[in-house]
Amino acid sequence: MISRTNIQSIFLSFLPIFFPCSTAKTPSRPRSFILPVTKDAATKQHITTIHQRTPLVPIKFTVDLGQRFLWVDCEKGYVSSSYKPVPCGSIPCKRSFYGVCVESCLGSPSPGCNNNTCSHIPYNHFILTSTSGELAEDTFSLQSTDGTNPGKYLSARGVVFDCAPSSLRQGLVENVKGIIGLGNGYVGFPTQLANSFRIPRKFAICLSSSTSSTGVIFFGESPYIFQVFDSPLDVSKRLVYIPLLKNPVSTSGSYFKEEPSTDYFIGLISIKINDNIVPINTTLLKITKNGKGGTKISTVEPWTKMETSIYNAFTEAFVKLLPRATRVEPVAPFKVCYDRWSFGDTRTGPGVPPIELGLGSNKSWTMFGANSIVQVNNVQCLGFVDAGPEPTTSIVIGAHQIEDHLLQFDIANKRMGLSSLLLIDQTSCGNFNFTSKA
């Protein structure tokens with residue numbers, strides 16, 4: 001078992017290797033890269049495509065903000081001349097908080113089955129299942145950007161990921177081959193890209209609320225330019241920064257002893273609805289020494305989940321502020337639903353009281369109707385759910401609540417940049433221009 005201290009002491013950067021996918025000259029070092037993100041209507045999962053292997057193949061992944069690393073199905077159809085298993089005792093193996101070393105794999109050598117290799121436990125949140133998987137390295141290719149338009153594709157060798165069996169893909173969207181983990185760890189995809197391309201250790205996500213438009217993930221430097229009609233808006237200039245907190249105990253569904261959490265926690269201290277304080281037990285908002293409590297952000301939870309006492313106080317306060325709205329039979333998993341005509345439409349979504357998350361130092365995150373209300377057939381529901389009386393994390397802010405906001409995770413400086421709802425500026429996360437310049 002490798003301790004956290006030892007891993008930190010051996011943390012080294014990967015050597016950058018750039019080569020374009022075309023025959024053009026080697027480009028200058030890029031400032032940032034982008035990935036397109038689409039929303040699946042049925043599952044609410046957010047999906048991206050990355051080119052991997054040699055020769056390069058486009059592979060679809062579900063985006064998991066807090067997962068420790070990227071994993072992909074290697075059991076069926078994985079062919080690559082640049083695939084390399086990660087040896088036991090190597091630096092990438094030790095960085096990963098690995099669990100075991102596979103001395104002898106039963107079967108002929110192939111991706112996912114090699115002798116003397118580092119083994120880990122890739123996790124699928126949607127079926128609450130993990131399995132053993134071989135750590136490996138291969139080539140990944142991403143599109144560069146100047147923040148306004150996409151540029152050339154560049155590739156990096158030796159990016160670490162985990163080989164998983166096909167069975168772990170259950171619950172994922174059809175044709176999705178794995179999960180891209182953007183977690184705050186040494187083998188998290190953002191840190192690996194930063195090391196490989198020598199770009200800043202930061203990334204930003206902007207998830208579209210629409211299934212017909214494309215959101216975006218930026219890796220590296222800003223700007224982050226979105227179109228407002230025919231004018232550009234640099235959202236990086238409108239970010240409010242708050243500290244990112246570290247949970248010393250993993251909050252993954254599966255982990256090894258002494259493995260810290262790779263989720264992104266923020267310091268929520270209060271909740272207000274229409275400027276009225278919601279009476280909650282604020283001790284639940286603190287992270288305990290055994291990793292319980294606190295507030296984290298998730299892209300795999302479709303709706304925000306709250307510990308039962310927080311949820312009850314929150315929904316009671318919300319309902320009291322809408323005495324004339326017509327309540328209807330709730331639609332699972334929601335418990336507070338209204339007739340579809342109860343709220344008027346505004347630029348920021350259904351006309352309901354704003355929800356303000358207090359973040360300390362006079363900073364807050366205001367959620368309007370677009371992020372608090374969910375349309376389910378002919379019913380409008382409060383898009384928050386009960387997590388039970390003893391969840392690991394007291395509040396998990398889900399994907400619906402962060403859609404059409406830009407969130408920058410500045411790993412190096414341990415802070416998160418948060419934009420206001422982009423709909424206020426008459427734009428959205430679906431308004432990044434994925435068309436290359438002429």
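User: How many residues of the lining of the second largest cavity are nonpolar, how many polar and how many charged?

Analyst: This is a predicted model, so its features are read from predicted atoms. To read a lining, sort its residues by class. For the second largest cavity, three residues are nonpolar, one is polar and three are charged. The lining consists of Lys-39, Lys-44, Pro-302, Trp-303, Ala-399, His-400 and Glu-403. The space inside comes to about 30 Å³.

User: What lines the largest cavity, and how do its residues divide into nonpolar, polar and charged?

Analyst: Take the names, then the classes. Ile-271, Thr-304, Met-306, Ile-355, Leu-357, Met-367, Phe-384, Ile-395 and Ile-397 line the largest cavity. Strand 22 (304-306), strand 27 (355-358) and strand 32 (395-397) each contribute at least two of the lining residues. The count of cavities of 30 Å³ or more is two.

User: How many salt bridges does a search of the whole structure find?

Analyst: The search finds ten. To read one, look at the distance between the nitrogen and the oxygen, which must be within 4 Å. Start with Arg-68 and Glu-259, whose closest N and O atoms are 2.7 Å apart. Arg-68 sits in the loop between strand 3 (57-64) and strand 4 (71-73), while Glu-259 sits in the loop between strand 17 (240-245) and strand 18 (264-266). The two are 191 residues apart, so the pair links distant parts of the chain.

User: Are Arg-68 and Glu-259 buried or exposed?

Analyst: Arg-68 and Glu-259 are both buried.

User: Which residue does Arg-169 meet in a salt bridge?

Analyst: Arg-169 meets Asp-73, with 3.0 Å from N to O. This pair, too, joins distant parts of the chain, at 96 residues apart: Arg-169 is in the loop between strand 11 (150-164) and strand 12 (176-181), and Asp-73 is in strand 4.

User: Why does Asp-73 count as buried?

Analyst: The cut-off for buried is under 20% relative accessible area. Asp-73 counts as buried because its relative accessibility is 3%.

User: Where are the partners in the salt bridge between Asp-386 and Lys-335?

Analyst: Their side chains meet at 3.3 Å, N to O. Asp-386 belongs to strand 31 (residues 384-386), and Lys-335 to the loop between strand 23 (327-328) and strand 24 (337-339), 51 residues apart. Asp-386 is partly exposed because its relative accessibility is 25%, and Lys-335 is partly exposed at 44%.

User: How many residues of helix 3 are buried?

Analyst: To judge how covered a helix is, count its buried residues. Helix 3 (residues 189-197) has nine of nine residues buried. Among them are Phe-189, Leu-193 and Phe-197. After the helix comes Arg-198, with a positive phi near 55°.

User: What do strand 15 and strand 16 form?

Analyst: Here, look for the pairing and then the turn. Strand 15 (residues 225-228) and strand 16 (residues 231-234) run antiparallel and are joined by four bridges. Phe-226 stands opposite Leu-233. The two strands form a hairpin with two residues between them, and Phe-229 in the turn has a positive phi of about 55°.

User: Which residues does UniProt list for "domain: Peptidase A1"?

Analyst: The unreviewed UniProt entry gives residues 46-419. In the model, the end C-alpha atoms of that span lie 20 Å apart, and the span is 9% helix and 39% strand.

Technical notes. Residues numbered from 1 in each chain as written. Predicted model: local features only at pLDDT ≥ 70, side-chain atom pairs only at ≥ 80, totals over all residues. Heavy atoms only, no water. Buried < 20%, exposed > 50% of the residue type's maximum accessible area, 1.4 Å probe, protein only. UniProt positions renumbered as here; feature names shortened; annotations may be inferred. Pairing = 2+ DSSP bridges. 1 Å grid on protein atoms, 1.4 Å probe; cavity = no way out; pocket = protein on both sides within 12 Å on 5 of 7 lines; lining within 4 Å. Points joined across faces, edges and corners; volume = space filled by probe spheres on them.
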